[in-house]
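User: I'd like to go through this model with you, helices and ligand site. Here it is.
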Amino acid sequence: MASAVYNPIGTTALITGASSGLGVGYAHELAQRGADLVLVARRQARLEALAVELAEKYGTVSTVIPLDLTTTDAVTELVSDLRERAVTVGTLVNNAGFATFGTVLDSDEAREREQIALNVHALTALTHALLPDLVETASLHPHTAALVNLASTAAFQPVPRMAVYGATKAYVLSYTEALSYETRASGLKVTAICPGPADTEFFEVAQTRSDKKGTPLTVDEVMRASFAALDRSVTPAVVLVGTRNALLARAAGIFPRRAVLGAVGRLNVPRRAR
Ligand SMILES: NC(=O)c1ccc[n+]([C@@H]2O[C@H](COP(=O)([O-])OP(=O)(O)OC[C@H]3O[C@@H](n4cnc5c(N)ncnc54)[C@H](OP(=O)(O)O)[C@@H]3O)[C@@H](O)[C@H]2O)c1
């Protein structure tokens, strides 16, 4: 860690979706680097168990905030809770997110709205509310502040049978790249992390399987790529995780849109329907 350029020691990092998968990975890595944490998700018991583990392992001070980020006032409540506790956030990891699997025709419209509320609205509102804190932290203490938004390789092309998910992640990618440009002089590290399928609860929640797309990434692989990017003096706005995933995502920008759409559409057909 001696060569680390991102050093959040003594600052506070807020992680959404810290109760499982990649969120737990970010919590461990940020705790190890000396940040205090704010852990947000719905499953309170999991967040509390993680807070105890991090305190024992790294001496981390964690604040647990159980919250459903899809509700209308969730972000407003979260931000006023932070203000009451006098917490200034130096790093924000917008990680909470989920996917649905199936055709638009068969989808549950309420669940699709929840997906947009979490993957897009909560991420945007929280970024907007905390950006002044992030930028101020970056200017007062260089190399301590970051905005990490979880996009996906699904952001690089339309995804039949995950149409809403692909669209939400395309939004996250575009929004984060634009924001990284706007804040480039501030010292804030802004990055969209784009993993391919990873071994978390994600596919269980989406009620599909990841095995048709090859070996999933481990949480450690996603963390290594994320923090290698943050440790660069100029953090890239887009981080594709995994060589194969990077090639496929880049290819999606080169081949005709129609051909890419057909290839992804065929890949996403459930086994029983092939
Ligand atoms: N795993 C993959 O293959 C993959 C690939 C590319 C990108 N991603 C992205 O990576 C991020 C993390 O996903 P993961 O793979 O770690 O999946 P995961 O294990 O299912 O974790 C998702 C997290 O989001 C939280 N969450 C879900 N709904 C929420 C809500 N309404 N309010 C607050 N928190 C909520 C969950 O906590 P609670 O259920 O306790 O609320 C959980 O902590 C997501 O944005 C996902 O789109 C994942």
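User: At what angle do the axes of helix α3 and helix α4 cross?
Analyst: Roughly 25 degrees, and the axes of α3 (residues 74-84) and α4 (residues 109-140) come within 9 Å. Helices here are DSSP runs of H or I, at least four residues, numbered from the N terminus. Axes are lines fitted to C-alpha atoms over the stretch in contact, with angles from 0 to 180 degrees between N-to-C directions. This is a predicted model, where local features need pLDDT of at least 70 and side-chain atom pairs count only at pLDDT 80 or more, while totals for chains, interfaces and linings use all residues. Residues are numbered from 1 along each chain as its sequence is written, and side-chain values use heavy atoms, with hydrogens and water left out.

User: Parallel or oblique, α3 and α4?
Analyst: α3 and α4 are therefore roughly parallel. Under 35 degrees counts as roughly parallel, over 145 as roughly antiparallel, 65 to 115 as roughly perpendicular, and the rest as oblique.

User: And what about α4 with α5?
Analyst: Their axes are 9 Å apart at an angle of about 15 degrees. That makes α4 roughly parallel to α5.

User: What is the angle between α1 and α7?
Analyst: About 50 degrees, with the axes of α1 and helix α7 (residues 219-230) 9 Å apart. α1 and α7 are therefore oblique to each other.

User: OK, ligand now. Which residues come nearest?
Analyst: S20, R42, Y165, A198 and T200, out of 31 residues around the ligand. A residue is counted as near if one of its heavy atoms lies within 4 Å.

User: Which helices supply at least two residues of that shell?
Analyst: α1 (21-32), α5 (163-182) and α6 (202-206). The largest share, 3 residues, comes from α6.

User: Which backbone atoms are involved on the oxygen side?
Analyst: A polar backbone atom of N95 is 2.8 Å from a ligand oxygen atom. For A198, a backbone N or O atom lies 2.7 Å from an oxygen atom of the ligand.

User: How much of the ligand's accessible area does the protein cover?
Analyst: 96% of the 880 Å² that the ligand has on its own, by the Shrake-Rupley method with a 1.4 Å probe.

How values were computed
A polar contact is a pair of N or O atoms within 3.5 Å; within protein, one must be able to donate a hydrogen and the other to accept it, and residues adjacent in sequence count only if both atoms are side-chain atoms.
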